[in-house]
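Notebook open, model loaded. I want to jot down what I looked up, starting with a pocket.

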Amino acid sequence: MTKVIQIFDKHVDIKRKPLPKVLSIDEHFFSQSNYDSLYMCIFMDFITGEIVDVLPDRKKAYIANYLSVIRAHTLNKYTHKSELHNVKYVSIDLYDNYRDIAHIYFPKAIVCADPFHVLKHLIEGFNQVRLRCRRETQDEDIQYLLTKFKNIFKSGFDLDNKVKYNKRFKRYLNYRDILTILFDRFPDLKTAYELKEKYIFFNRNTSLEEAEKGPADLILEFGDSGIEEYHEFYNLLINWNKEVINSFTIINSRRINNSFIESRNNQIERLIYNAYGYTNSKRARNRIMYCLNKKDSYKI
């Protein structure tokens, strides 16, 4: 095995790719790294899915230095432009450091917040409302409904199924009946559900032109709802308002998001698992790019 590793390290040293028009940035947990960081940072071309580079650290100072070097090495003294000017869009999760870096080093680029991470915060907030309702009631029948039928709160769930006899309630019920029972008991659960569904509809059906008008009324509804569990999401919509709106941008018939790079992250996870982990960050980087990029190869 040691000989194989030596051969790999000798012949596989992959150079970074040019920065693309649409740059996706994400991180991957890498606790075994010999570099003093728990996360590696992945740069990917959103359009092609090609891994541009794998950095051993996601800290702001490291990424800033990395991009400063690229700018210095590629700066055209006549046009005063560098390779960084190639980037027109940057897709990120809700990590403040990525946003800061994007605005500093890609000042002309449009920064987009990954809509799936936005929805994740919304759904987590709603789940906290449901769990609070469960804690606050002493009614075991209601606790049963909130636990056993939690899937009925999912967006798009078919509520109008055929009614079935429920022994606990001694009557025929379908999912919509169960939802009505819970909403009658917890009005704020109903409000939280309706707000969740309203934002999900907005997220799925709004064009960039419509989004640019600003979802101000929707944001205010979250703020005025009085639902404590939505305070974080309300603040998210305010603090990331521009980046959320930018995320409605369509490139090559696809909305800009981080789902592609997340799928790459899953591949990286399997690759690291199959290798029983890596400690050498450079080797891990070369292995990732060698395996995931079709055109990357070794040299003799």
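Which helices each supply at least two residues of the lining of the second largest pocket? I found α4 (115–136) and α7. Helix α4 gives the most to that lining, with 5 residues.

Ground rules before I go on. This is a predicted model, so I note that local features need pLDDT of at least 70 and side-chain atom pairs count only at pLDDT 80 or more, while totals for chains, interfaces and linings use all residues. Residues are numbered from 1 along each chain as its sequence is written, and side-chain values use heavy atoms, with hydrogens and water left out.

**Pocket.** I get about 210 Å³ of space in the second largest pocket. Its lining has 13 residues, and Ile123, Asn127, Lys150, Phe153 and Lys154 lie nearest the centre. A pocket here is an open set of points on a 1 Å grid over the protein atoms alone, where a 1.4 Å probe fits, with protein on both sides within 12 Å along at least five of seven lines; lining residues have an atom within 4 Å of a point. The volume is the space filled by probe spheres set on the points, which are joined across faces, edges and corners.

**Phe153 again.** I checked its contacts (heavy atoms within 4.5 Å). Beyond its neighbours within four places in sequence, Phe153 touches Phe126, Arg130, Leu146, Leu179, Leu182, Phe183, Leu189, Tyr193, Lys196 and Glu197.

**Cores.** Phe153 also turns up in the largest nonpolar core, which has 66 residues; Phe43, Leu67, Phe106, Phe153, Leu189 and Tyr199 touch the most other members. Helix α7 (residues 187–205) gives the most to this core, with 7 residues. Apart from it I found another core of 18 residues, including Ile14, Met44, Ile261 and Leu292. A core means buried Ala, Val, Leu, Ile, Met, Phe, Trp, Tyr and Cys residues joined through side-chain atoms within 4.5 Å. Buried is under 20% relative accessible area with a 1.4 Å probe, protein chains only. By that cut-off, 46% of the chain's 300 residues are buried.

**Sheet.** I traced an open sheet of 5 strands in the order β3-β2-β1-β4-β5, with mixed pairing. Its edge strands, β3 (51–55) and β5 (110–113), each pair on one side only. Strands pair if DSSP finds at least two bridges between them. Strand β1 (residues 22–29) and strand β2 (residues 39–45) run antiparallel and are joined by 7 bridges. Phe29 has Tyr39 as its bridge partner in β2.

**Whole chain.** I count 13 helices and 9 strands, taken as DSSP runs (helices H or I, at least four residues; strands E, at least two) numbered from the N terminus.

Definitions and conventions. Buried means under 20% relative accessible area, exposed over 50%, partly exposed in between (1.4 Å probe, protein chains only).
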